[in-house]
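Please look through the sequence and the model before reading on.

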Amino acid sequence: MKVLKMIGSGIAMGCTICIFILILGSIIAGDDFLAMSTERFVTQAIGCMVVGMGFSVPSLIYESERIGRGIQAVIHMGTGFFIYFLVALNVGWIPVEFGWQMTVVSILVAIIFAFVIWAGFYLCNRREAKKLNQQLKARK
């Protein structure tokens, strides 16, 4: 059941990020940014959902107490980035046709974006854990 919940969460996160990028891209680049065929839009949307699941489902690794937090983060983010790069190369998110500089910039932006999201979840979960620990101490 947890896996299904994470799949749904990943799809939701992927769709949210997709819409955010579409809004931001259309503000910056104008109408040309949204000029795509239905097939391309569907491909992009499915890619976003797959990447969302690719980062969400592996986060279940954090439930294991046998693996250190650093290794958990490497497994989680490594799996997510592997899936991201497979999808990104197939749907055209990494603009290899514009040379190695744009390729590197797009990869760095993706890495920074993913780590900002990861850090946000990490800080929220850490704060919630502290709150729960304080409540447990207060009950004793």
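The axes of helix 4 and helix 5 come within 12 Å and cross at roughly 140°. Axes here are lines fitted to C-alpha atoms, for helices over the stretch in contact, and angles run from 0 to 180 degrees between N-to-C directions. This is a predicted model, in which local features need pLDDT of at least 70 and side-chain atom pairs count only at pLDDT 80 or more, while totals for chains, interfaces and linings use all residues. Residues are numbered from 1 along each chain as its sequence is written, and side-chain values use heavy atoms, with hydrogens and water left out.

**Helix 4 and helix 5**

- Helix 4 and helix 5 are therefore oblique to each other; angles under 35 degrees count as roughly parallel, over 145 as roughly antiparallel, 65 to 115 as roughly perpendicular and the rest as oblique.
- Helices are DSSP runs (H or I, at least four residues), numbered from the N terminus.
- Helix 4 passes helix 5 in a right-handed crossing; a crossing is right-handed if the near helix is turned clockwise from the far one by less than a right angle, and left-handed if anticlockwise.
- On the helix 4 side, Ala73, His76, Met77, Phe81, Tyr84 and Phe85 meet Ile107, Ala110, Ile111, Ala114, Phe115 and Trp118 of helix 5, where contact means heavy atoms within 4.5 Å.
- The contact of helix 4 with helix 5 comprises eleven nonpolar residues, one polar and no charged; Ala, Val, Leu, Ile, Met, Phe, Trp, Tyr, Cys and Pro count as nonpolar, Asp, Glu, Lys and Arg as charged, and the others, Gly among them, as polar.

**Helix 3 and helix 4**

- Helix 3 and helix 4 pack with their axes 8 Å apart, at an angle of about 170°.
- These two, helix 3 and helix 4, are therefore roughly antiparallel to each other.
- Among the residues making the contact are Arg40, Gly47 and Phe55 of helix 3 and His76, Gly80 and Phe81 of helix 4.
- By class, the residues of the contact of helix 3 with helix 4 are nine nonpolar, seven polar and one charged.

**Helix 1 and helix 3**

- Helix 1 (residues 2-29) and helix 3 (residues 38-56) have axes that come within 7 Å and cross at roughly 130°.
- That angle makes helix 1 oblique to helix 3.
- The crossing of helix 1 and helix 3 is right-handed.
- The contact of helix 1 with helix 3 has ten nonpolar, five polar and no charged residues.

**Aromatic pairs**

- The count comes to seven aromatic pairs; rings of Phe, Tyr and Trp (its six-membered ring) pair if their centres lie within 6.5 Å, and planes under 30 degrees apart count as stacked, over 60 as edge-to-face and the rest as tilted.
- Phe55 and Phe81 form an edge-to-face pair, 5.4 Å centre to centre with 90° between the planes.
- Phe55 lies in helix 3 and Phe81 in helix 4 (residues 69-91), so this pair ties together parts that are 26 residues apart in sequence.
- Phe55 is buried, with a relative accessible area of 17%, and Phe81 is buried, at 12%; buried means under 20% relative accessible area, exposed over 50%, and partly exposed in between (1.4 Å probe, protein chains only).
- Phe81 and Phe115 form a tilted pair, 5.8 Å centre to centre with 40° between the planes.
- Phe115 lies in helix 5 (residues 100-139) and Phe81 in helix 4, so the pair ties together parts that are 34 residues apart in sequence.
- Phe115 is partly exposed, with a relative accessible area of 38%.
- One aromatic cluster is formed by Phe55, Phe81, Tyr84, Phe85, Trp93, Phe115, Trp118 and Tyr122.
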